[in-house]
2 protein chains.
Amino acid sequence: MSFSPLIRQLIDALRILPGVGQKSAQRMALQMLERDRSGGMRLASALQQAMEGVGHCTQCRTLSEDALCPQCADPRRDDTVLCIVQSPMDVFAVDQTGFRGRYFVLKGHLSPLDGQGPEAIGIPALLARVEGAEALREVILATNPTVEGEATAHYISQLLIPRGLIVSRLAHGIPLGGELDLVDGGTLAHAFAGRKPMGG
Amino acid sequence: MSFSPLIRQLIDALRILPGVGQKSAQRMALQMLERDRSGGMRLASALQQAMEGVGHCTQCRTLSEDALCPQCADPRRDDTVLCIVQSPMDVFAVDQTGFRGRYFVLKGHLSPLDGQGPEAIGIPALLARVEGAEALREVILATNPTVEGEATAHYISQLLIPRGLIVSRLAHGIPLGGELDLVDGGTLAHAFAGRKPMGG
């Protein structure tokens, strides 16, 4: 079967959404056209406004159309702790844990082979942020647990430790609710090395 | 964590898509903003054009911005068979099977309690379509295998059989690739009643 050109164009455009393949895109397009055109129009205008209007927070560099994102603008957050992540999605994940300090969002990780040096990922802006933060005591490096994420964390720790800051890294270990025999060897080795005494 | 207003508005708007919950909507919004703003703008304009431009095919009433949809406009299709379905999504599903006749799309099924009578679902337009189709010999009723779909099929058959048309209904039976003990009793009873002799 073939769709008319406007429907085909909509199906193709929907496929840029993460996790949406040909079949879901068709269902989305036809269902909106059949049942919710006003919702479709609202989505079109929300998309346009966000794509054109959203920039980056001047302080933590997460996505925001205001100069300060809601996290940076909140006076009740703890100014003594700064959590460094690789993307705005990570800010959301970390905030879900109950963390209520400040954030700084890198633009990805160091990757010299791809031309992603310290400037490209925003290290100068991070240093400026750290220097302007008088109350800051601890920096938590929450980059991804990958080779590149570890290298990026190591690079940043070398810059910040000499400034007298406590620099910490998220713990590695077995994830909750999993089964031990499904955990990979490297993670299990980390979990052994980082074992904790149990209270009596 | 809270998102800035434009991002929140985009996340809410994305949730009208079928199968998209809060979490997927967040991932979609942030990922588009981070990595594919031009894709997001393309999607916004495709949505707007489709919501404003797409109407219904004048002949089969499926979704189309042209007066005739690609199926109705195709001169190579078989004019002797007409398949009646409940929605444009069903046209796609039936066409996947290799069917190459014509279609007519009802607006849902008969549901007198909800005020969905024959006019509301498009029976007068169906009769006009059938009367205008000189080559037509067989009508296949492919409404959903639900109580309402069966009732709608029965109602239409009563209108069309007196006009000398062959009226058929899709076969009920066990779906391919399933396990017999997982098939519900009604379906299994239909499969027994409709059993076929095997060639020697």
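1. In this predicted model, B:Asp79 is partly exposed, with a relative accessibility of 40%, whereas B:Arg102 counts as buried at 6%. The side chains of these two residues meet in a salt bridge, with an N to O distance of 2.8 Å. Because B:Asp79 lies in the loop between α4 (70–73) and β3 (81–85) of chain B and B:Arg102 in strand β4 (residues 102–105), the pair ties together parts that are 23 residues apart in sequence.

2. In chain A, salt bridges that share partners join A:Arg77, A:Asp95 and A:Arg100 into one network. Within it, the side chains of A:Arg100 and A:Asp95 meet at 3.4 Å, N to O; A:Asp95 is buried, at 2% relative accessible area, while A:Arg100 is partly exposed, at 42%.

3. A further salt bridge joins B:Asp74 and B:Arg76 at 3.2 Å, N to O, and here B:Asp74 counts as buried at 17% relative accessibility, whereas B:Arg76 counts as exposed at 72%. Over all chains, a search of the whole structure finds 12 salt bridges.

4. A:Gly122, in the loop between α6 (118–121) and α7 (123–132) of chain A, counts as buried at 2% relative accessibility. Leaving aside residues up to four places away in sequence, A:Gly122 touches A:Arg61 and A:Phe104.

Terms used. Residues numbered from 1 in each chain as written. Chains lettered and ligands numbered in written order. Predicted model: local features only at pLDDT ≥ 70, side-chain atom pairs only at ≥ 80, totals over all residues. Heavy atoms only, no water. Helix = DSSP H or I, 4+ residues; strand = E, 2+ residues; numbered from the N terminus. Buried < 20%, exposed > 50% of the residue type's maximum accessible area, 1.4 Å probe, protein only. Contact = heavy atoms within 4.5 Å. Salt bridge = Lys/Arg side-chain N within 4 Å of Asp/Glu carboxyl O.
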